[in-house]
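Q: Hey, can you walk me through this one? I'd like to go piece by piece.

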Amino acid sequence: MGAKTALLAFTEGDLPPALRGAVRADPAEVLALVREMHPDYEVTPIDDGVLGDDTYPPDDTSYATVLAGAELFCDRRLVYDPPSELPARLLRAADDRRIIMHGMHSASDWLCFAVWENGSLVRSLSVSPDGGIGENIGEPYDFERPYWAGERPVESTLSEDPYPLPFHPLELGEDALRALFGFVLEGRPDPDDVDPYEVPLQGFRVADPTGREQAEREAHMQQVLLQMGPPRRYRMTPDGTFQEITDA
């Protein structure tokens with residue numbers, strides 16, 4: 001599984017119908033909206049995108065659109081872990097509309113999603129194999145219940161150790177994506193699913209004009225590389241397990 005998302009939506013009703021009717025929005029309206037979401041950043045239009053390709057934009061990049069009764073953002077700066085830390089300014093920007101957040105990263109098997117109604121958080125979940133259940137607020141939705149009931153266990157991993165969670169976050173993440181946004185990125189789409197490749201988005205470079213944010217990212221990456229040590233290589237043995245290759 002290789003799906004990644006960083007999605008935030010403000011909507012007056014269910015989001016999937018708005019996505020099915022998506023057309024290219026007024027560029028000036030979307031630009032003003034992105035600048036409102038990032039008041040202290042330099043916002044510059046770049047090439048357009050589509051939802052299916054741009055659910056997880058690169059650093060300093062945002063994709064957005066205005067729909068009938070909804071606004072949608074693909075933006076890593078707008079997804080918070082835990083979701084309950086969503087800033088008050090974003091709650092105000094929603095203006096009592098429903099807020100839906102979905103974040104997912106395949107490299108770490110991390111998932112978060114959350115829903116606010118009329119400014120109040122009604123459901124939030126953040127989970128990963130390394131961090132466990134970081135946040136679990138509100139009553140689980142129906143699509144979650146088979147996972148919590150132990151009906152969707154992780155059947156196998158490359159490691160000999162059992163998976164540290166009773167379910168795989170990315171599998172739950174795809175079901176959350178379908179239930180809340182109306183589409184999936186991996187797996188077989190249902191006939192009623194939204195086609196994310198038919199949802200046009202407008203792209204923007206959103207950069208910290210001071211350069212501080214970019215410098216902090218570079219320093220963090222250097223620290224991570226120092227901690228990683230030399231690369232380790234493995235080969236598959238005849239019994240299907242992996243054995244580390246040493247130079248000895």
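Q: Which residues of strand 4 point one way and which the other way?
A: Thr61, Tyr63, Thr65 and Leu67 point one way, Ser62, Ala64 and Val66 point the other way, and all are buried. Buried means under 20% relative accessible area, with exposed over 50% and partly exposed in between (1.4 Å probe, protein chains only). Strands (E, at least two residues) and helices (H or I, at least four) are DSSP runs, numbered from the N terminus.

Q: Is this a real experiment or a prediction? And how are things numbered?
A: This is a predicted model, where local features need pLDDT of at least 70, side-chain atom pairs count only at pLDDT 80 or more, and totals for chains, interfaces and linings use all residues. Residues are numbered from 1 along each chain as its sequence is written, and side-chain values use heavy atoms, with hydrogens and water left out.

Q: Back to strand 4: why is it called largely enclosed?
A: Because 7 of the 7 residues of strand 4 are buried, it's largely enclosed by the rest of the structure.

Q: What does strand 4 pair with in the antiparallel sense over 5 bridges?
A: That's strand 5. Two strands pair if DSSP finds at least two bridges between them. Strand 4 and strand 5 form a hairpin with 2 residues between them, and Leu67 stands opposite Ala70 in strand 5. Gly69, in the turn, has a positive phi of about 80 degrees.

Q: And how many bridges join strand 4 to strand 10?
A: There are 4, and those two strands run antiparallel. Strand 10 covers residues 200–207, and its Gly203 stands opposite Tyr63.

Q: New topic: which residues touch the most other members of the largest nonpolar core?
A: Leu15, Leu19, Leu51 and Phe181, out of 35 residues in that core. A nonpolar core is a set of buried Ala, Val, Leu, Ile, Met, Phe, Trp, Tyr and Cys residues joined through side-chain atoms within 4.5 Å. In soluble globular proteins, nonpolar side chains tend to be buried together.

Q: Which element gives the most to this core?
A: Helix 5, with 6 residues. Among the others giving two or more are strand 4 (61–67) and helix 1 (15–20).

Q: What does Leu15 touch?
A: Leaving out residues up to four places away in sequence, Leu15 touches Ala9, Leu67, Ala70, Ile100, Leu180 and Phe181. Contact means heavy atoms within 4.5 Å.

Q: Tell me about helix 5. Which residues there are buried?
A: Pro169, Leu170, Leu172, Gly173, Glu174, Ala176, Leu177, Leu180 and Phe181. Just after helix 5, Gly182 takes a positive phi of about 90 degrees.

Q: OK, rings now. How many aromatic pairs are there?
A: The count is 5 aromatic pairs. Rings of Phe, Tyr and Trp (its six-membered ring) pair if their centres lie within 6.5 Å; planes under 30 degrees apart are stacked, over 60 edge-to-face and the rest tilted.

Q: Why is the Tyr147 and Phe167 pair edge-to-face?
A: Their ring planes sit at 75 degrees, so the pair is edge-to-face, with the centres 5.6 Å apart. Tyr147 lies in helix 4 and Phe167 in the loop between helix 4 and helix 5, so the pair ties together parts that are 20 residues apart in sequence. Tyr147 is buried at 0% relative accessibility, and Phe167 is buried at 1%.

Q: What about Trp148 and Phe167?
A: They form an edge-to-face pair too, 5.1 Å centre to centre with 85 degrees between the planes. Trp148 is partly exposed, at 31% relative accessible area.
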